[in-house]
Amino acid sequence: MRRLAVSFLFASALLGAADLAGTWQREEAGDNGRKLVTTYVFKTDGNRFTGVIATETERRQILNGVIDGNKITFDNWFEFYERSTAAPYTGEISGEELTIVSARPAQGNRPPPPPVVLQRVSGATVYTPPPEWAVTHKPFRGFRPIPPNGLALTPPMGWNSWNKFAERIDDKAVREIADAMVASGMRDAGYVYVNIDDTWEAGRDKNGNIQSNEKFPDMRALADYVHAQGLKLGIYSGPGRLTCANFTASYGHEEQDAKTWAAWGIDYLKYDWCSASAVYRPDEMASAYQKMALALRSTGRPMVYSLCQYGWLKVGEWGAAAGGNLWRTTGDISDNWRSMSTIGFNQNGREKFAGPGYWNDPDMLEIGNGGMTDTEYRTHMSLWSMLAAPLLAGHDVRTMTPATREILTNKEVIAIDQDKFGRQGVRVRQQGDLEVWKKPLAQGVAVALFNRGGATAKIAVKWAEVGIASTNPKVRDLWAHKDVAAPDGFSAEVPSHGVVMLRVE
Ligand code: GLA
């Protein structure tokens with residue numbers, strides 16, 4: 001009996017190893033009508049394996065692969081990250097099918113990733129990118145910092161289409177949003193950039209000029225309309241061949257695209273990495289971003305330059321030198337407490353990279369999109385302001401509730417974000433779910449008491465702790481819009497997921 005069990009195990013291990021080696025693929029429908037093919041190539045050695053996961057736009061190494069019968073486990077490593085995936089993968093072979101499941105758990109409203117079902121393919125054992133993905137740029141000649149462009153001396157404020165509309169954005173909606181920004185008082189509160197995100201792009205004409213698609217029949221006219229409202233217009237592209245939603249991006253056409261945008265009257269560019277991993281190595285990323293910075297500058301039109309590469313490769317250390325006015329520090333935010341609070345409270349420590357003209361960008365606001373309570377949205381607004389983060393609203397401005405409008409247009413909170421001193425706030429103290437943050441201002445200090453826990457809790461702070469030497473300072477509660485008497489410190493009952501924000505001078 002025992003011998004039988006041992007030989008069964010041995011046979012299944014061998015069978016598994018033999019079954020896994022080779023190439024597996026899956027095809028799925030991507031955005032913008034593109035077919036996405038993912039290829040897994042496995043090399044086995046007994047019941048260990050290595051390999052590669054390749055798409056058109058990226059290659060990941062498979063590490064620590066172990067076969068156990070018809071089950072496998074592995075990690076993967078992507079050279080643009082500083083670390084391998086935290087969550088391992090498991091898989092199960094069933095004849096000609098291999099099902100792979102990521103161990104990443106559900107995060108807030110974001111379900112765990114669905115299983116990936118691959119089919120065994122014969123023949124093609126090595127992945128080769130299609131010819132149109134060939135690298136055509138000249139090697140960069142070292143990286144030399146460029147001086148600031150003089151824009152965004154306070155964090156950019158405005159609106160962006162992605163969080164609410166994704167691909168369902170068009171000329172008509174942008175005009176209506178611009179109207180609503182004026183009518184609602186958002187413009188007058190400082191939100192001036194109206195930024196079109198991904199999905200505006202068509203292909204290129206015979207001279208290589210980028211075209212807008214049928215959703216945006218006349219970008220110049222749209223820019224004129226937006227400008228006439230006292231607002232500015234932003235646009236989106238990337239250093240690769242395709243944007244994240246598979247639309248045409250700027251690879252090989254950087255100067256030409258910058259000229260086109262300048263001629264349209266564009267005032268802001270978000271430049272999103274995405275497929276650029278297929279054409280640039282990690283050590284070329286800063287130069288690839290700088291290439292567009294230089295192209296924008298050579299047009300003579302002031303355009304705020306926003307780097308979007310999810311915080312990879314320590315961007316804070318080179319984003320400003322590459323010509324950026326802001327750079328994303330994280331993956332995409334989503335409209336739930338867990339995503340927003342994890343991103344926001346994780347920004348502590350990046351303050352040394354931010355200052356007038358160059359800002360950390362923990363992603364756009366979700367305020368008013370419905371996935372959080374107004375208390376949570378107040379925390380979102382307060383935290384982003386303490387961080388001197390760009391304030392780019394991402395909701396439907398046309399239909400917002402009075403509460404959303406009040407949160408976004410709280411001038412006393414906006415003044416903290418926009419303070420001329422340009423310092424990003426820091427965590428002073430953390431006790432479990434309770435956090436005290438401070439942000440030095442041109443005059444005084446902003447102090448925020450955050451309760452990340454599930455029940456109301458008391459939070460107290462002494463002024464000495466946040467660097468206020470004087471006793472009896474002037475203290476203002478920025479959400480209650482009231483002066484408060486607090487001679488040597490302040491304490492408050494802070495609701496679950498809520499905040500009390502003060503200006504102390
Ligand atoms: C990436 C960016 C988002 C958005 C989309 C558009 O995911 O991080 O902010 O621009 O691409 O495709």
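Glu 254, Glu 255, Ala 258 and Trp 261 of helix α6 meet Lys 291, Met 292, Ala 295 and Leu 296 of helix α7, where contact means heavy atoms within 4.5 Å. The model is predicted: local features need pLDDT of at least 70, side-chain atom pairs count only at pLDDT 80 or more, and totals for chains, interfaces and linings use all residues. Residues are numbered from 1 along each chain as its sequence is written, and side-chain values use heavy atoms, with hydrogens and water left out.

**Exercise 1.** Determine how the axes of α6 and α7 are arranged.

*Solution.* Step 1: the axes of α6 (residues 254-264) and α7 (residues 285-298) come within 8 Å and cross at roughly 40 degrees. Axes are lines fitted to C-alpha atoms, for helices over the stretch in contact, and angles run from 0 to 180 degrees between N-to-C directions. Helices (H or I, at least four residues) and strands (E, at least two) are DSSP runs, numbered from the N terminus.
Step 1: α6 is therefore oblique to α7, given that angles under 35 degrees count as roughly parallel, over 145 as roughly antiparallel, 65 to 115 as roughly perpendicular and the rest as oblique.
Step 2: the contact of α6 with α7 comprises five nonpolar, no polar and three charged residues. Here Ala, Val, Leu, Ile, Met, Phe, Trp, Tyr, Cys and Pro count as nonpolar, Asp, Glu, Lys and Arg as charged, and the others, Gly among them, as polar.

**Exercise 2.** Classify the packing of α3 and α5.

*Solution.* Step 1: α3 (residues 171-183) and α5 (residues 219-228) pack at an angle of about 10 degrees, with their axes 10 Å apart.
Step 1: these two helices, α3 and α5, are therefore roughly parallel to each other.
Step 2: α3 contributes Asp 171, Val 174, Arg 175, Ala 178 and Asp 179, and α5 contributes Ala 221, Leu 222, Tyr 225 and Val 226. By class, the contact of α3 with α5 has six nonpolar, no polar and three charged residues.

**Exercise 3.** State whether Asp 257 is buried or exposed, and list its contacts.

*Solution.* Step 1: Asp 257 is located in helix α6.
Step 1: its relative accessibility is 1%, so Asp 257 counts as buried (under 20% relative accessible area; exposed is over 50%, partly exposed in between, with a 1.4 Å probe and protein chains only).
Step 2: apart from neighbours within four places in sequence, Asp 257 is in contact with Arg 204, Ile 210, Ala 249 and Ser 250.
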